[in-house]
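Visitor: Hi! Could you walk me through this one? I'm new to it.
Guide: Happy to. Here it is.

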Amino acid sequence: MQGERMDSTPSEGGEGAEQAAPPAQASAVAFTPLYAPRRHQDVVRRHAVLVPLMGPGGDDPKILDQVGRLIAQRRARLYALADAGLPEISGGERQGRRLRFALNCKPSFVVTKEQTACCNLAFCPFCWARWVYEVWVNIEHAFFADAPPGATSPQDLIYRSATQRVHVSFTPDHGGGVADGLAAYALRRTKIRNRRGAEFGLRCPGVVGGFEMLHVNPGDDGRWAVNIRQVLMATPGAPDPAPVPAKDYRYERTQRPGRLAVRDAVALANRYPTFLMRGEPAVAVRYLAARRRRQISAMTGGFRNKAAGPPDNAP
Ligand SMILES: [Zn+2]
């Protein structure tokens, strides 16, 4: 599970190396993207994050150019989020160091000559892509570990999603303080989704592996639009999970799926919410505050077998 991150070297480009550099931009590493790998594990990340942000891919020069531009846009976004008050990178000397450190987060999607460490900031598209990789490794293993190389999975793939609207307005939390409606919603969801027989739950009869992601966007009605996205692995004879009463309920079941079908489902479920990079900085900061220390994703059953626990950077 840690394979992807083992090649980053925290000593290089680390905080210590940058402490003394007053102009932050001066310490930015000029990354040299070499090529874009194209295994399933690479494509799933690209489809989840790079395509929504930068458009469809293509040959290597095109993808390298997209990543180069994203590196610059992401750095500019770091400053914009700091200006908007993102607590991790704004308000003090330590936060200033974290910001300068985060400028050089190891790019995803391409192999670069330079090796740097990951920033682990929740908005970061590169770190988001690494998270997608970890989800993919778990789910791919569950579907295909017992299948001969190149064969389809003996299990059924189910993808389903539906949108629920959540108020942005503040509601009292349990400690007597206040919380964004999204924070309260995410907390509620962690309690409901694992309950056996719960509506839109992960544990349905015959479902042997479940993954859920809350795909959140600012809605045009002033509320959060929370699109619950689930990837389920079901035994071939399992009944369809009960439909969810929602106007946009989407349900697709694939028998004996190949890696491509599973990959597309994982990429869709984990799609990067582009407003984090492109929307009003203040809205992004509000979202990041609401989901701080909340699990917006969950993995159950057979999908958890490969990992000892949830990845360190689980969103
Ligand atoms: Zn990062």
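Visitor: Which residues touch the most other members in the largest nonpolar core?
Guide: Ala-102, Cys-127, Val-132, Ile-139, Leu-182 and Val-266 do, in a core of 81 residues. A nonpolar core here is a set of buried Ala, Val, Leu, Ile, Met, Phe, Trp, Tyr and Cys residues joined through C-beta atoms within 7 Å. A residue is buried if 20 or more other C-beta atoms lie within 10 Å of its own, exposed if 12 or fewer, and partly exposed in between, with C-beta atoms placed from the backbone.

Visitor: And which helix gives the most to this core?
Guide: Helix H6, residues 125-144, with 13 residues. Helices (H or I, at least four residues) and strands (E, at least two) are DSSP runs, numbered from the N terminus.

Visitor: Before we go on, what kind of model is this?
Guide: This is a predicted model, where local features need pLDDT of at least 70 and side-chain atom pairs count only at pLDDT 80 or more, while totals for chains, interfaces and linings use all residues. Residues are numbered from 1 along each chain as its sequence is written. pLDDT is the predictor's confidence in each residue, from 0 to 100.

Visitor: What is the mean pLDDT, then?
Guide: The mean is 87, and 85% of the residues reach 70 or more. Over residues 1-24, though, pLDDT is below 50, and it stays under 50 over residues 307-315.

Visitor: How many helices and strands are there?
Guide: The protein has ten helices and nine strands. Five of the strands form an open sheet in the order S8-S3-S7-S6-S9, with antiparallel pairing. Two strands pair if DSSP finds at least two bridges between them.

Visitor: Which strands stand at the edges?
Guide: S8 (250-254) and S9 (297-301), each with a single partner strand, so one side of each is left without a neighbour in the sheet.

Visitor: What about S7, which strands is it joined to?
Guide: Eleven bridges join S7 to S3 (residues 156-166), and eleven bridges join S7 to S6 (residues 207-218). Trp-224 in S7 is the bridge partner of Val-166, while Ala-225 in S7 stands opposite Asn-217.

Visitor: Why is S7 largely enclosed by the rest of the structure?
Guide: S7 covers residues 224-234, and nine of its eleven residues are buried, so the strand is largely enclosed.

Visitor: And how many residues lie between S6 and S7 in their hairpin?
Guide: There are five, and Gly-222 in this hairpin takes a positive phi near 85°.

Visitor: Which residues other than glycine have a positive phi?
Guide: Asn-120 is one of them, at about 60°, and Arg-256 has a phi near 45°. Asn-120 is in the loop between strand S2 (111-112) and H6; Arg-256 is in the loop between S8 and helix H8 (259-269).

Visitor: Is Asn-120 buried or partly exposed?
Guide: Asn-120 has 16 C-beta neighbours inside 10 Å, so it counts as partly exposed. Arg-256 has 14 and therefore counts as partly exposed.

Visitor: Changing topic, which residues are buried in H7?
Guide: Leu-182, Ala-183, Ala-184, Tyr-185, Ala-186 and Arg-189 are buried in H7.

Methods: Contact = placed C-beta atoms within 7 Å.
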